[in-house]
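Please open the model in a viewer and keep the selection tool at hand.

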Amino acid sequence: MSEARTGMGTAGILYILAGMTAISVNDMLIKQLSGNYPLHQIVFVRSGVGILFSLILVQAEGGLSILKTRQPFLHLLRGLLVVVSNMTYFVALAVMPLADATALFFAAPLFITLLSIPVLGERVGPMRMGAVVVGFGGVILMQRPWEGAGSLEVSRLVLLLPVISALTYALLQLMTRKLGATTRASVLAVYIQAMFILVSALFFIVAGDGRYTDGVTDASLIFLLRAWVWPSEGDWFYLIGLGLNSAVIGYCLAQAYRLADAATVAPFEYIGLPLAVLWGWLIWSDLPDWEVWAGMALIAGAGLFVFFRERTKARVIARAEVKARY
């Protein structure tokens, strides 16, 4: 039994590493395209392509019949959470350095640890709770509360958007853990892609002609509300690539949280931090300020401490169970 659990944990880790690598590519491409296209158009094309690949995976895992569900409300709520998480993050990403936005988003594993108490009934001891407090200290440090609003590169609201994204993402992953017990990863991915298509189509109906951008100067709002335009020939390659990448992300993340518990999987999401720094440096020549480096260290250090503390606790419990049997 323990060997099976270990194998599932390893598979979950591999899936989360693949998913986070795909996410870093996704973020880089969307930031690259944010100056020319509205967010809802990018999401619509990306999800339109992504759902086709997700349906292929559904067919491979059992056919379209497995799309039937007895929990439509939970899938709808999960879809709305992922839409809110993505929208708030990408609106911030349009005007923030990639590494900064990614680092703030990595409050998500801390939120997962906190929310696992009421949602999953997990116990979090004082050491793990202390590490969570340290991690959130890193988030506060990156908010630069000692600086006036006028000296910041972006507004306070924009700085909070990745944190809001992290909170909704944490809720999403905990729901994935619950739904994943009875639902395949490909099905979870299809439902999310469908929700993206629906919401972005509604954005097109309401704001697709750019009517709400008159007089708007904030770059993040312009990215959210500008008019749809026909993509250039070169950009079609990136948009289709985003769609394929989106299918990979949805499948890998759902599979990771289906196969392994949140405490095992979540810390490996930190691979996204060095990848974000790498893309930011290679493409935009951005390197984080000292506050961002320090915040990254506190957030990642706290998350890794929580992970190793949880793994040690699990081993002690497993040994006690073995001794109890004999």
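The stops below go from the whole chain to individual contacts.

This is a predicted model, in which local features need pLDDT of at least 70, side-chain atom pairs count only at pLDDT 80 or more, and totals for chains, interfaces and linings use all residues. Residues are numbered from 1 along each chain as its sequence is written, and side-chain values use heavy atoms, with hydrogens and water left out.

**Whole chain.** Display the chain as a cartoon: it contains 13 helices and 0 strands (DSSP runs numbered from the N terminus, H or I of at least four residues for helices, E of at least two for strands).

**Helices α3 and α8.** Select residues 72–93 for α3 and 185–207 for α8. Their axes come within 9 Å and cross at roughly 60°; these axes are lines fitted to C-alpha atoms over the stretch in contact, with angles from 0 to 180 degrees between N-to-C directions.

**Surface patch.** Remain on α8 and select L198, which lies in this helix and is partly exposed at 47% relative accessibility. Together with L202, F204, I205, V206 and Y212, L198 makes a nonpolar surface patch of about 600 Å². Patch residues have over 30% relative accessible area and no salt bridge, and nonpolar side chains are joined within 5 Å, like charges within 9 Å.

**Salt bridges.** Which residues are linked with R144 in a network of salt bridges? Select D289 and E291 to see this network; a salt bridge is a side-chain nitrogen of Lys or Arg within 4 Å of a carboxyl oxygen of Asp or Glu. The closest N and O atoms of R144 and D289 are 3.3 Å apart. R144 lies in the loop between α6 and α7 and D289 in the loop between α12 and α13, so the pair ties together parts that are 145 residues apart in sequence. For E291 and R144 the closest N and O atoms are 3.6 Å apart. R144 is buried at 10% relative accessibility, as is E291 at 6%, whereas D289 is partly exposed at 38%.

Finally, select A22, a buried residue with a relative accessible area of 5%, in helix α1. Its C-alpha atom is separated by 9.4 Å from that of L242, 220 residues apart along the chain.

Conventions. Accessible areas come from the Shrake-Rupley method with a 1.4 Å probe; for residues, only the protein chains shown count as cover. Buried means under 20% relative accessible area, exposed over 50%, partly exposed in between (1.4 Å probe, protein chains only).
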